[in-house]
Amino acid sequence: MWMILLGVLASAIMGSGLVSRIEPQDQPKEQVTLPMNAVGGGVSPEQVALRPQSEFKFDNIVHQAYDYSCGSAALTTVLRYHLGYDVTEQQAMEGMLTYGESDKIIARRGFSLLDMKRYVATLGSKSAGFRGELSDLATLKDPAIVPIDYAGFKHFVVFRGLRDGRVFLADPAMGHLVLSQEEFATLWDRNTLFLIYPPGDAPVPRKLALTDTEMGVVADDQIRESVRLGPSPNKEALERAVQQGLGTLFLRRP
């Protein structure tokens, strides 16, 4: 008798589970519903936008099309995203082949700062090359194209800024990079930098400028003391409980 009752009860439970099962729903493109109660952020789920790293690491950077085109990609990055010129890497390459030293470009399979300077002049902007130190870079208000020597290879990147001992670069091959100033100093080729100036007094996009919240950089004075988590007095007991499968530990902000 008891076995029959248990069988009926089990069937009822299984049946109700099947009836109340929630089918997965399609999510908007590049979005996911984050269960906030599972991550310590509240009760209601929240829509969170997601982008693959392969995309956002090249935000406001022209990804070089060829192994040898770092110079044209770095130049186009500054022209498009800092100065607002509507040019492509292909157009920059053709321009430098036309107005630069074409024979030398073909021989070395790459562009020089002189080639860049000649092409930029046809667009209406002035430019200049300099030798500088890290202290000079720290005072720059505009991005600069700088050559680096990495593992014996010459490569052009865009210097975006120096902050708190860190150098922010826009690399046409790797995307956004952050190096210590000591590491950058060992790579910087002959301390050379190339600046391109805006044409006239017209406003420019300046999309390469650093922001306070970029790449997780948050000033210490922006962190409230109330959200700093101190060591738990029952830390060891909590860890043992989680390891033994007796519960799940969530950290919640006040």
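## Ground rules

Because the model is predicted, local features need pLDDT of at least 70 and side-chain atom pairs count only at pLDDT 80 or more, while totals for chains, interfaces and linings use all residues. Residues are numbered from 1 along each chain as its sequence is written, and side-chain values rest on heavy atoms, with hydrogens and water left out.

## The overall picture

The protein has 10 helices and 8 strands. These elements are DSSP runs numbered from the N terminus: H or I with at least four residues for helices, E with at least two for strands. Of its 254 residues, 30% count as buried. Buried means under 20% relative accessible area, exposed means over 50%, and partly exposed lies in between (1.4 Å probe, protein chains only).

Contacts, meaning heavy atoms within 4.5 Å, also say something about the chain. Of the contacts with a separation of 6 or more, 58% are between residues 24 or more positions apart.

## Helix α4

Let us turn to helix α4, which covers residues 70-81 and has 12 residues. From first C-alpha to last it reaches 16 Å, close to the 16 Å expected at 1.5 Å a residue; the expected span is 1.5 Å times one less than the number of residues. Helix α4 is largely enclosed by the rest of the structure, because 11 of its 12 residues are buried. Among them are Cys70, Gly71, Leu75, Val78 and Tyr81. The packing partners of these buried residues are the helices α5 (89-99) and α7 (113-123), together with the strands β4 (144-150), β5 (153-163) and β8 (192-196).

Which residues does threonine 77 touch, leaving out those up to four places away in sequence? They are Asn60, Ile61, Val62, His82, Val158 and Leu208. Threonine 77 is found in α4 and is buried, at 0% relative accessibility. Its side chain also reaches the backbone nitrogen of valine 62 at 3.0 Å.

Alanine 92 lies in helix α5 and is buried, with a relative accessible area of 0%. Beyond residues up to four places away in sequence, alanine 92 touches Ser72, Thr76 and Tyr119. Alanine 92 and tyrosine 119 are 27 residues apart along the chain, with 7.7 Å between their C-alpha atoms.

Threonine 192 sits in strand β8 and counts as buried at 13% relative accessibility. Its contacts, again without residues up to four places away, include Leu113, Phe130 and Ile145.

## The largest pocket

The largest pocket has a volume of about 810 Å³. On a 1 Å grid over the protein atoms alone, a pocket is an open set of points where a 1.4 Å probe fits, with protein on both sides within 12 Å along at least five of seven lines; lining residues have an atom within 4 Å of a point. The volume is the space filled by probe spheres set on the points, which are joined across faces, edges and corners.

In all, 31 residues line this pocket, and Ile148, Phe153, Lys154, His155 and Phe156 lie nearest its centre. Elements giving two or more residues to the lining include α4, β4 and α9 (181-187), and β5 gives the most, with 4 residues.

## An exposed loop residue

Is proline 203 buried or exposed? Proline 203 is exposed, with a relative accessible area of 78%. Its place is in the loop between β8 and α10 (235-243). Proline 203 and leucine 83 are 120 residues apart in sequence, yet 8.5 Å apart in space, C-alpha to C-alpha.

Key: Polar contact = N/O pair within 3.5 Å; in protein donor to acceptor, adjacent residues only side chain to side chain.
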